Amino acid sequence: ALLVTGVMLGAGCSSDDSASPSETTAAAQTSTSMKMGASNKGGSAEVGDLKLTEARIGEPAGPATGMFLTIDNTGDQPDTLVAVTTKVSPEVQLHETIKDGDSTAMKELPGGVQVPAQASVILKPGGTHAMMMKVDRLAAGDEVPVTLTFKNAGDVEMDVLVDGSLRCASADGGINAFTAGVGKPLIVHLIALAALWVWSRR
């Protein structure tokens with residue numbers, strides 16, 4: 001189901017990188033030795049034929065924030081990221097961002113994020129991402145233990161850094177999410193709706 005239509009109901013994140021949808025690219029041809037279910041630190045991990053890198057969590061400015069990373073599949077079989085769990089959030093949902101003109105929507109992916117064989121999938125602001133709901137208070141520099149569950153490769157643990165250069169703003173009634181990399185057209189849309197509501201009350 002769409003979590004956002006026109007007005008953001010999750011979180012918007014801004015960073016030094018330009019926001020764009022999840023990307024799939026050719027994976028490295030060189031096979032890397034990997035251990036199943038291994039616990040890893042420093043924002044990178046390996047499990048099965050999957051190599052996880054550049055993991056980071058946006059510094060939250062509200063009750064929700066995003067987690068982003070790159071998943072390289074060097075194997076000959078596809079896999080699926082089916083769940084993300086962490087003690088700092090009671091619920092983590094996998095989302096994709098859908099843009100239609102001036103509207104931006106976040107849609108939950110109940111089937112998970114597909115990782116094709118011999119390819120890379122990038123979870124990034126403005127694209128596919130893991131949305132952490134009702135997060136504990138986090139500050140830049142914190143390391144958060146996170147477990148990612150893949151359909152075939154299984155579980156892998158990571159310590160993920162909270163990135164102070166990546167701010168995620170909640171939209172629980174505020175306007176911050178619209179100013180956090182989502183786009184000015186949505187701000188105009190929100191102002192127009194507010195003006196229409198005020199006019200209708202006269």
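Val92 stands opposite Met132 in strand 12.

Is strand 12 mostly covered or mostly open? Mostly covered: 5 of its 5 residues are buried. His129, Met131 and Met133 point one way from the strand, while Ala130 and Met132 point the other way. Both groups are buried.

## The protein as a whole

Stepping back, the protein has 2 helices and 14 strands. Of its 202 residues, 46% are buried. Its accessible surface comes to about 10200 Å², and carbon and sulfur atoms provide 52% of that.

How much of the contact pattern links residues 24 or more positions apart? Counting contacts with a separation of 6 or more, such pairs account for 70%.

Most residues other than glycine have a negative phi. Two residues in this model are worth a look with that in mind. Glu54 is not a glycine, yet its phi is positive, at about 55°. You will find Glu54 in strand 5 (residues 50-60). Glu54 is exposed, with a relative accessible area of 60%.

Where does Lys134 sit? Lys134 belongs to the loop between strand 12 (129-133) and strand 13 (143-150). Its phi is near 50°, a positive value in a residue other than glycine. Lys134 is exposed too, with a relative accessible area of 64%.

The mean pLDDT of the protein is 76, and 63% of its residues reach 70 or more.

Two stretches call for some care. Over residues 17-22 the pLDDT stays under 50, and the model gives this stretch 15 contacts beyond four places in sequence. Residues 26-39 also have a pLDDT below 50, with 33 contacts in the model beyond near neighbours in sequence. Where pLDDT is low, the predicted coordinates should not be read in detail.

Conventions: Residues are numbered from 1 along each chain as its sequence is written. This is a predicted model: local features need pLDDT of at least 70, side-chain atom pairs count only at pLDDT 80 or more; totals for chains, interfaces and linings use all residues. Side-chain values use heavy atoms; hydrogens and water are left out. pLDDT is the predictor's confidence in each residue, from 0 to 100. Contact means heavy atoms within 4.5 Å. Helices (H or I, at least four residues) and strands (E, at least two) are DSSP runs, numbered from the N terminus. Buried means under 20% relative accessible area, exposed over 50%, partly exposed in between (1.4 Å probe, protein chains only). Accessible areas come from the Shrake-Rupley method with a 1.4 Å probe; for residues, only the protein chains shown count as cover. Two strands pair if DSSP finds at least two bridges between them.
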